[in-house]
Amino acid sequence: MIIRSPRKTEKGFLVDMHIHSHFSSDSFLRFEEILLEAAFTINGIVITDHDIIGSFHLDKNTIEKEHEIVVFAPAVEISSTEGHILAYGIASVPSRELEPEEVLRIIHDEKGLAVAAHPFSELGVGDLVYDLPFDAIEINGARPASDNQKAKEAATLLELPMVGGSDAHIHGEIASCVTQFRKKIQTMDELIAEVKKGRCQPLMLR
Ligand SMILES: [Zn+2]
Ligand SMILES: [Zn+2]
């Protein structure tokens with residue numbers, strides 16, 4: 001059965017770039033729940049588990065046939081010594097507790113996209129966004145507006161693109177914040193290219 005929603009076409013191509021599945025120790029979301037909830041309102045998802053690529057356990061082709069949603073993979077949320085870093089398009093996970101400089105070097109060596117996750121929350125890299133070569137700054141659906149305002153100011157000052165993700169860990173949180181792309185995209189390579197060109201923006205859906 002394919003689940004269709006007329007709401008999906010109204011706002012361009014929407015991707016939640018930050019979702020935790022049960023492969024993260026602090027998430028309760030099974031893949032099936034994530035897909036059902038996301039397919040109702042948005043066009044694509046990225047599973048970004050903590051220090052593990054949970055999406056390796058997903059059958060991407062079957063899912064996309066059954067749910068009318070694109071799963072962009074691989075991606076991971078890396079715990080660096082100074083805070084969380086989202087990595088898109090890297091196929092292996094760096095060992096835990098590396099300095100953020102080293103994490104960014106590994107991501108860029110693999111031609112991946114390095115994003116400062118919720119930079120101004122207690123688990124973010126904070127002012128290091130001003131010193132390190134991030135490709136984009138995240139606006140995060142689970143954080144207060146004040147944190148996101150600081151992230152927006154940093155992105156503006158650094159002239160970096162912004163992406164949006166829900167950071168969902170439980171049912172009901174998926175797609176609270178998403179990335180709005182200007183065109184339909186199908187692969188992680190396309191997603192990375194569009195973000196690097198700045199052809200996207202974060203969008204709070206609730
Ligand atoms: Zn995080
Ligand atoms: Zn997260």
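In sequence the residues that donate to the zinc ion (ligand 1) follow the spacing E-x6-H-x33-H. Donors are taken as N, O and S atoms within 2.8 Å of the metal (3.2 Å for Na, K and Ca); water is not among the atoms, so sites may look incomplete. The structure is a predicted model, in which local features need pLDDT of at least 70 and side-chain atom pairs count only at pLDDT 80 or more, while totals for chains, interfaces and linings use all residues. Residues are numbered from 1 along each chain as its sequence is written, chains are lettered from A and ligands numbered from 1 in the order in which they are written, and side-chain values use heavy atoms, with hydrogens and water left out.

The protein donors of the zinc ion (ligand 1) are Glu77 through OE, His84 through ND1 and His118 through NE2, lying 2.1 Å from the ion. Glu77 also bridges this ion and the zinc ion (ligand 2), the two ions being 3.4 Å apart. Glu77 is buried at a relative accessible area of 0%, and His84 is buried at 12%. Here buried means under 20% relative accessible area, exposed over 50%, and partly exposed in between (1.4 Å probe, protein chains only).

Helices (H or I, at least four residues) and strands (E, at least two) are DSSP runs, numbered from the N terminus. Two strands pair if DSSP finds at least two bridges between them.

The largest nonpolar core has 23 residues, of which Ile78, Ile85, Leu104, Ile107, Val129 and Phe134 touch the most other members. A nonpolar core is a set of buried Ala, Val, Leu, Ile, Met, Phe, Trp, Tyr and Cys residues joined through side-chain atoms within 4.5 Å. Apart from this core lies another, of 21 residues, among them Phe13, Val70, Ile185 and Cys200. Beyond its neighbours within four places in sequence, Ile85 is in contact (heavy atoms within 4.5 Å) with residues including Val76, Glu77, Ile78, Val103, Leu104, Ile107 and Phe134.

A further open sheet has five strands in the order E3-E2-E1-E9-E10, again with mixed pairing. Its edge strands are strand E3 (70–72) and strand E10 (200–204), each pairing on one side only. Neighbouring strands of this sheet are turned against each other by 30 degrees on average, direction ignored. Strand E1 (residues 13–19) runs parallel to E2 and is joined to E2 by three bridges; Ile19 stands opposite Ile47 in E2. Helix H5 (residues 188–196) lies across E1, E2, E3, strand E9 (177–181) and E10, at about 85 degrees to E9.

Asn43 is found in the loop between helix H1 (31–41) and strand E2 (44–47) and counts as buried at 14% relative accessibility. The C-alpha atoms of Asn43 and Gly12 are separated by 8.8 Å, the two residues being 31 apart along the chain.

The structure holds zero disulfides, a disulfide being a pair of cysteine sulfur atoms within 2.5 Å. The sulfur of Cys177 has its closest cysteine sulfur in Cys200, at 11 Å, which is too far for a bond. Both cysteines count as buried, Cys177 at 0% relative accessibility and Cys200 at 11%.

Definitions and conventions. Axes are lines fitted to C-alpha atoms, for helices over the stretch in contact, and angles run from 0 to 180 degrees between N-to-C directions.
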